[in-house]
Every structure is written in C-alpha cells, then in structure tokens.
Amino acid sequence: MDESPRPPSDQSPPPPPPAQSHTGSPTDFLKGVVGKRVIVRLTSGVDYKGVLSCLDGFMNIALEQTEEHVNGVITNRYGDSFIRGNNVLYISAAEEI
Amino acid sequence: MASQILPLELIDRCIGSKIWVIMKSEREFTGTLLGFDDYVNIVLEDVTEFETTPQGVKKTALAQTLLNGSNIAMLVPGSNGPEDS
C-alpha cells in the first residue's frame with residue numbers, strides 16, 4: 001500500500017537560481033538607483049542633486065527636483081533637467097538603494 | 001612562458017577590496033570596489049573623494065558611486081588612498 005502522494009520533486013521545475021542580490025556592475029548600480037535621490041558631479045565640480053528619472057549608456061541623465069550646487073551653495077533650482085553624459089564625473093546615491 | 005594576467009583581470013580580482021582611483025585631473029577616490037565594465041566605469045562603496053586645490057585637499061564622503069571611466073587615469077588595488085602611502 002503506497003498511497004502516499006509522490007514527492008513533487010519530479011514535476012516541479014528546478015528552483016530559480018538565487019536572486020543575484022548584487023553583482024555590483026555599473027549596469028546593476030544604475031538599475032538600482034533610478035527613481036532615487038542622487039548627486040551628479042560634473043568634471044567642472046558643479047553638483048546636481050535630484051531624483052534620477054532616467055539615463056542611458058552615454059550617462060546622459062534626466063533629473064527631477066534638481067538643485068544646482070556650486071562650492072556647496074545652492075545656485076539654482078530646476079523642475080526637470082537634462083545633463084549631457086560627457087560632462088558627468090560621477091553619479092552617487094544620496095539615499096539607500 | 002609564464003601564465004599571463006590581463007590588466008582587467010587584475011582589477012576583477014580586486015572586487016570586494018579597497019581600491020584607489022586616480023583621475024586625469026587633481027582628483028582621487030578611494031573605496032571598496034563593487035564592479036566595473038569594459039569602459040572601466042567603476043562602482044565604489046564607502047567612497048572618499050580627495051580634491052587637491054591650491055587651498056589644500058578637500059575630502060568628500062560618498063555612498064555607492066558610479067565613476068565615469070573617461071576621466072580615470074590609474075587604479076591602485078588594495079590601497080586606502082593618498083593618506084595611506
């Protein structure tokens with residue numbers, strides 16, 4: 001008498017590979033940071049702080065609620081702004097990713 | 001011939017450890033290397049930026065940061081940066 005149900009191991013698909021929590025590549029970083037507050041520093045040293053709405057492989061960036069900081073002082077505010085990628089020195093997360 | 005190691009293999013072996021990044025300009029970064037790509041754009045964690053100006057060295061602390069590869073001149077694996085050497 002072997003009425004017990006078979007273990008489901010035959011039918012069930014293999015478990016998905018463990019979620020790649022962090023490979024850490026630039027692409028992964030950018031995926032994680034879209035929609036978050038960021039600091040974008042240009043090679044000139046000017047900072048733009050705002051919410052990263054989108055970006056592309058050239059590091060062209062669209063920011064929302066942008067504040068322009070020169071030497072640590074806010075010099076301008078923009079609702080939306082576009083930064084051409086060649087000027088970007090770095091993109092830094094300003095909140096938890 | 002002894003087994004060769006490619007330059008970027010060396011950097012790949014540094015993932016997870018401290019690295020010192022020297023830019024083309026008077027600017028340096030240190031932090032923990034999380035990853036990089038073919039352009040040597042670099043993702044760092046727990047970053048310190050050192051900016052050398054005529055007034056002195058200005059330090060800035062940053063969280064996770066993506067450094068644009070086009071301004072990078074040199075990478076020094078396993079170093080805590082300009083204050084280490």
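## Strands that pair across the chains

Two strands are said to pair if DSSP finds at least two bridges between them, and strands themselves are DSSP runs (E, at least two residues), numbered from the N terminus. In this predicted model, strand β5 (residues 88-93) of chain A is joined to β5 of chain B by 3 bridges, and the two strands run antiparallel. One of the residues involved is A:Ile91, whose bridge partner in β5 of chain B is B:Leu66.

## How the model is described

Residues are numbered from 1 along each chain as its sequence is written, and chains are lettered from A, with ligands numbered from 1, in the order in which they are written. Because the model is predicted, local features need pLDDT of at least 70 and side-chain atom pairs count only at pLDDT 80 or more, while totals for chains, interfaces and linings use all residues; side-chain values use heavy atoms, with hydrogens and water left out.

## The interface between chain A and chain B

The size of an interface is often given as the accessible area lost when the parts come together. Here the buried area (the accessible area, with a 1.4 Å probe, that two parts lose on being put together, summed over both) is about 1,600 Å², and carbon and sulfur atoms give 56% of that area. On the side of chain B, the residues that lose the most area to chain A are B:Gln64, B:Leu66 and B:Asn68, which together account for 38% of what that side buries.

Counted by contact (heavy atoms within 4.5 Å), 20 residues of chain B and 19 residues of chain A take part. Between chain B and chain A there is also 1 salt bridge, meaning a side-chain nitrogen of Lys or Arg within 4 Å of a carboxyl oxygen of Asp or Glu. This salt bridge is formed by A:Arg41 and B:Glu49, whose closest N and O atoms are 2.9 Å apart. Four strands of chain B, β2 (27-36), β3 (42-53), β4 (56-62) and β5 (65-67), each give two or more residues to the side that touches chain A, and the largest share, 5 residues, comes from β2 of chain B.

Side chains of opposite charge can pair when their charged atoms come close. A search of the whole structure finds 6 salt bridges over all chains. A:Arg41 also meets A:Asp47 in a salt bridge (2.7 Å, N to O), and both A:Arg41 and A:Asp47 are buried (under 20% relative accessible area, with a 1.4 Å probe and protein chains only; exposed means over 50%, and partly exposed lies in between). Salt bridges that share partners join A:Arg41, A:Asp47, B:Arg27, B:Glu49 and B:Glu51 into one network.

Within chain A, the side chains of A:Arg77 and A:Glu67 meet in a salt bridge (3.2 Å, N to O), which links strand β4 to strand β3 across 10 residues; A:Arg77 is exposed, with a relative accessible area of 58%.

## Asn71 in each chain

A:Asn71 lies in the loop between β3 and β4 (73-83) of chain A, and this residue has a positive phi of about 55° although it is not a glycine. A:Asn71 is exposed, with a relative accessible area of 69%, whereas B:Asn71 is buried, with a relative accessible area of 16%. B:Asn71 is placed in the loop between β5 and β6 (72-77) of chain B, and, not counting residues up to four places away in sequence, B:Asn71 touches A:Thr43, A:Val88, A:Leu89, B:Met23 and B:Lys24.
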